[in-house]
Every structure is written in C-alpha cells, then in structure tokens.
Amino acid sequence: MKLSDFGFTEGINEIIAVTFSRDGKINTAPIGIIVEDANSEFAKVRLFYSHTRENVVATRKLWANLTYDPIVWVISTFEDLGEEWFESLNPPVIMNSLAWCEFECEKVRDGNPAEFKLTLKDGAILRKWLRAVNRGFNALIEALVHATRYRINRNPSLLKKIEECRIIVEKCGSRREKEAFKILLNHIR
Ligand SMILES: Cc1cc2nc3c(=O)[nH]c(=O)nc-3n(C[C@H](O)[C@H](O)[C@H](O)COP(=O)(O)O)c2cc1C
C-alpha cells in the first residue's frame, strides 16, 4: 500500500481531515498533506492550533477524505460536518468521497505549526469518478485558504484576493461552487 494508490502526488495534497476527540466527537477540516515520495506510505502535515490538532495529539489518528464536493469543503472550513454527512463512521467516510485513507500520526516538531509524521495504515478507493479541471472549484479552494487567514488577521488585501476568486467561480463554477462561495462570504462578513 502506498500513497499514490489513493491519489496522492508529490507536493501538497488538499484533503478533508476527519478526526475524533477523546470523547468521540467528530471534526472535519481541510488540511494539506505534504508528500515527498508518493510511492511510500509516509507523509507529513503541519498543524496550527485547531480542533484537528487537539484531536491528532489526543488520538494519534487522522482519516483523509478525497472529495470534490464544494459544499463539503466550505462547511468543513468554517464548521464541522454532522454525522448525517457521512456514509460510514467506521471508517469515517463523507458522503460521495472518492477515497479515504487512515493515517497514524506522530508529533515530530512542536510549535505553531507543529509537524506530524503520518504513516498510511489503511484506505480504499470508493468511486472512480472523472471531472475535468474546473477553475471555479480551484478558485473556491484558494478563496477558502484566504478566508481562513482573513478570519485571523482581517487583512483587507485578502478580501481583494477573495473577490478575484469570486469572479472566477461565477465564470467557471457549477451551481454548487457558486452556492459554496455564498456560504464562504456569509462567514467572513
Ligand atoms: C485548502 C485548505 C488547506 C488547509 N491546510 C491546513 C493545514 O495544512 N494545516 C492547518 O493547520 N490548517 C490548514 N487549513 C486551515 C484549517 O482548515 C482551518 O483552520 C480549520 O478551521 C480548522 O478547523 P478545526 O478547528 O475544526 O480543526 C487549511 C484550510 C484550507 C481551506
């Protein structure tokens, strides 16, 4: 079993991380998994203080879900998906995810962000679904990154970048990207 079996490539792989608190509460957040060798089972992740980080420290487990659902991305960024969004809770699989992977996590560097070594333990491809590159989806993901930063520092230059993304989403996105972008805007207003 290797990372490339589940769609990971060299570089930063954006996935929805599903983690559990010690008392079993589910958490979802977009996270970038850093891969140097996709033919191995090793990766790393840098986590700022967040519920995801707390859960990873507490349980040493993280499940990655690969998905192109814009609504899943936007809700996971600002809130958490409830159990009704999952087609399975063991392993945790968000409705319509293309693949899931289970990682064992070991903290290798403290700080903010802290760095964790990830070891692939299990996984499955659930759907072989094709989608042509959609600039609207990509722009939504960029805007979500800007929005998570904007929420921390309120830097107006980020609003300008988010507006540039909005124009691309309007031009290139599907109805679902446009709906997701509206949810994003509601969260930063
Ligand atoms: C595309 C994308 C990638 C992200 N990657 C990371 C990451 O690698 N590390 C991190 O600490 N936060 C990352 N974030 C920010 C977290 O998703 C965000 O802080 C989230 O609110 C954390 O939620 P939680 O407190 O429920 O864990 C990313 C956000 C987006 C939109």
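1. β1 (residues 11–20) and strand β4 (residues 61–66) are antiparallel partners, with three bridges between them, strands being DSSP runs of E with at least two residues and helices DSSP runs of H or I with at least four, numbered from the N terminus. Two strands are said to pair if DSSP finds at least two bridges between them. Within this pairing, Val 18 stands opposite Trp 63 in β4. The model is a predicted one, in which local features need pLDDT of at least 70 and side-chain atom pairs count only at pLDDT 80 or more, while totals for chains, interfaces and linings use all residues. Residues are numbered from 1 along each chain as its sequence is written, and side-chain values use heavy atoms, with hydrogens and water left out.

2. On its pairing with strand β2 (residues 26–35), β1 is again antiparallel, here over ten bridges, and Ile 12 has Ile 34 of β2 as its bridge partner. The two strands form a hairpin with five residues between them, and in the turn Gly 24 has a positive phi of about 90°. Seven of the ten residues of β1 are buried, so this strand is largely enclosed by the rest of the structure; buried means under 20% relative accessible area, exposed over 50%, and partly exposed in between, with a 1.4 Å probe and protein chains only.

3. The ligand is surrounded by 18 residues, of which the closest are Asn 27, Pro 30, Arg 46, Phe 48 and Thr 52; a residue is counted as near if one of its heavy atoms lies within 4 Å. At least two residues of this shell come from each of β2, β3 (42–47), α1 (51–59) and α3 (135–153), and β2 gives the largest share, with five residues.

4. Of the 660 Å² of accessible area that the ligand has on its own, the protein covers 83%, with areas taken from the Shrake-Rupley method and a 1.4 Å probe.

5. The space taken by the ligand is the largest pocket. A pocket here is an open set of points on a 1 Å grid over the protein atoms alone, where a 1.4 Å probe fits, with protein on both sides within 12 Å along at least five of seven lines.

6. Two residues with polar side-chain contacts deserve a check in the model. Thr 28, in strand β2, counts as buried at 1% relative accessibility; its side chain is joined to that of Ser 76 by a polar contact of 3.4 Å and reaches the backbone nitrogen of Leu 81 at 2.9 Å. Glu 177, in helix α5 (residues 175–188), is buried with a relative accessible area of 1%, and its side chain makes a polar contact of 3.1 Å with the side chain of Arg 131. A polar contact is a pair of N or O atoms within 3.5 Å; within protein, one must be able to donate a hydrogen and the other to accept it, and residues adjacent in sequence count only if both atoms are side-chain atoms.

7. Glu 102, found in strand β7 (residues 99–109), is buried as well, with a relative accessible area of 14%. The C-alpha atoms of Glu 102 and Pro 92, ten residues apart along the chain, are separated by 9.2 Å.

8. Some backbone geometry can be set against the general rule that most residues other than glycine have a negative phi, and most peptide bonds are trans. A cis peptide bond joins Asn 90 to Pro 91, with omega about 0°, and Pro 91 is placed in the loop between β5 (86–89) and β6 (92–94). Another cis peptide bond joins Asn 112 to Pro 113, with omega about 15°, and Pro 113 is in the loop between β7 and β8 (114–125).

9. Positive phi is also found at Arg 60, about 60° although this residue is not a glycine; Arg 60 lies in the loop between α1 and β4 and is partly exposed, with a relative accessible area of 41%. Asn 96, likewise not a glycine, has a positive phi of about 70°; Asn 96 lies in the loop between β6 and β7 and is partly exposed at 46% relative accessible area.

Definitions and conventions:
On a 1 Å grid over the protein atoms alone, a cavity is a set of points where a 1.4 Å probe fits but cannot get out, and a pocket is an open set with protein on both sides within 12 Å along at least five of seven lines; lining residues have an atom within 4 Å of a point. A molecule sits in a cavity or pocket if more than half of its atoms lie within 2 Å of its grid points.
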